[in-house]
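Welcome! Here are some exercises for getting to know a protein, each with a solution worked out in steps. Have a look at the sequence and the model, then work along.

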Amino acid sequence: MTFGGATYTQSGKWIVADKTIADIAFNTDATIYLDAGGYVISYKETVAALNYAVLDEAVVVGKTGITGSGYIEARIALTDGTTPIVKVSSIKIGNTTYTAADYINNRGIGAWYTYVVDATGNYMLTEVTSVTNNNNVAIDNTKAQFDGNNIANSNTVFVVKYMISDAPAAYGYAVYTGYAALPKTAVGQDVNVSAIVAPNGITTYAYIDASDFVGYGATTSYAFISSATPTLYAAGAIKYNAFRAVVNGAAGSVNVLEGNTEAYTVGIYTVTYDTNGYATLTAAPVNVKNIVGAPAIAANGVIAFTDADKNITASYAYNASTVAYMVNGITGAVTVGTVENIAIGAVKNTSLVLDTNGAVKEIYVVY
């Protein structure tokens, strides 16, 4: 028995009924028990946690002739959204187990599988035959019965295949946890759903195939654009402008397709992302104040702006919870600190995010 990188031999006191040492192959954690001489007396396997994946693509590699050798190479979509390409020794679909000798390319794609990985790194896939399929349906993220049939909760994991572009055809995967996090489909955007349902009737995993159309999965947030001069990039036939930005509190970029010719200035925008991560910028949320210039006062719990005559034109309260994002206007580098860390005299632009009480929750300044 190979266990934990070491090889063990069966003890003369072996006490596991109806099995020999050669029958044991541990694909999950287990405990072995040794006698005084270091030989295996018994073992206890843990309850295996099932690994799930969707079969995205599979082809036979190196097969020669009817009974020739070869292996199956597959792209699988895991429940974390990654899509590794793996070497597969067998794929069980229904009651039939296929190896490279008899597998037909892309047989069984789009279905849920459990998998184990053998000692050589090959995957063995077994189709989950107990899934519930619901085809050509809309997704409503306001209801637990998200597809009109299957029921989800806040722990349900959704693996979504979406179309990035149709010319040329390109696809991606996204993962959402909880039905409320799911994008809602638009009119005419029907999807196919394959759900793994627990005995209590709640969907644990759902695969949503939205690969027939572009545009499913747009999400909205806001970002601080720290430079109004973008850099043009190309991703194949797609060209986009990358704006330096502060996204989720860190230095990053917001990528806008080249066809969007609107001119932007430094400040906070509402950002709607398509399923490929390209953004549309619209007016800032109502709790945002974009101001050209620096505050005259940023101390003692007050942020204030003045006119040329030093009259206060606007003032806002801040507190110990207020976060200051200070951006280098040349490099885009972000320093996170407090209001007291702001060197007012060097500030060129200011944006404020207010909380529900009108106090400053976040302040962004560019030097």
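Two strands pair if DSSP finds at least two bridges between them; strands (E, at least two residues) and helices (H or I, at least four) are DSSP runs, numbered from the N terminus. The model is a predicted one, in which local features need pLDDT of at least 70, side-chain atom pairs count only at pLDDT 80 or more, and totals for chains, interfaces and linings use all residues. Residues are numbered from 1 along each chain as its sequence is written, and side-chain values use heavy atoms, with hydrogens and water left out.

**Exercise 1. Describe the protein as a whole.**

Step 1: Start with the elements. The protein has 29 strands and zero helices.

Step 2: Turn to burial, where buried means under 20% relative accessible area, exposed over 50%, and partly exposed in between (1.4 Å probe, protein chains only). Of the 367 residues, 39% count as buried.

Step 3: Look at contacts, meaning heavy atoms within 4.5 Å. Among contacts with a separation of 6 or more, 51% are between residues 24 or more positions apart.

**Exercise 2. Which strands stand at the edges of the five-stranded open sheet?**

Step 1: Write down the order. The five strands follow the order β22-β28-β29-β26-β27, and their pairing is mixed.

Step 2: Pick out the edges. They are β22 (288-292) and β27 (334-337), each of which pairs on one side only. From one strand to the next, the twist averages 15 degrees.

Step 3: Zoom in on one pair. Strand β26 (residues 323-327) is joined to β27 by four bridges, and the two run antiparallel. Met326 stands opposite Thr335, and Val327 has Val334 as its bridge partner.

Step 4: Inspect the turn. Six residues lie between the strands of this hairpin, where Gly332 takes a positive phi near 85 degrees.

**Exercise 3. Find the nonpolar cores.**

Step 1: Recall the term. A nonpolar core is a set of buried Ala, Val, Leu, Ile, Met, Phe, Trp, Tyr and Cys residues joined through side-chain atoms within 4.5 Å.

Step 2: Locate the largest core. It has 20 residues, and those touching the most other members are Leu55, Ile72, Ile76, Val88, Ile91, Tyr103 and Leu125. Two or more residues each come from β5 (52-61), β6 (71-78), β7 (85-93), β9 (112-117) and β10 (123-127).

Step 3: Follow one member. Not counting residues up to four places away in sequence, Val88 touches Tyr71, Ile72, Ala74, Tyr123 and Leu125.

Step 4: Look elsewhere. A second, separate core has 17 residues, including Val137, Ala206, Ile208 and Phe213.

**Exercise 4. Is Thr185 buried or exposed?**

Step 1: Thr185 is in the loop between β13 (169-177) and β14 (191-197).

Step 2: Apply the cut-off. Thr185 counts as buried, because its relative accessibility is 10%.

Step 3: List its surroundings. Leaving aside neighbours within four places in sequence, Thr185 is in contact with Ala138, Ile139, Val191 and Tyr216. The Thr185 side chain reaches the backbone nitrogen of Ile139 at 2.8 Å.

Key
Axes fitted to C-alpha atoms, helices over the stretch in contact; angles between N-to-C directions. Polar contact = N/O pair within 3.5 Å; in protein donor to acceptor, adjacent residues only side chain to side chain.
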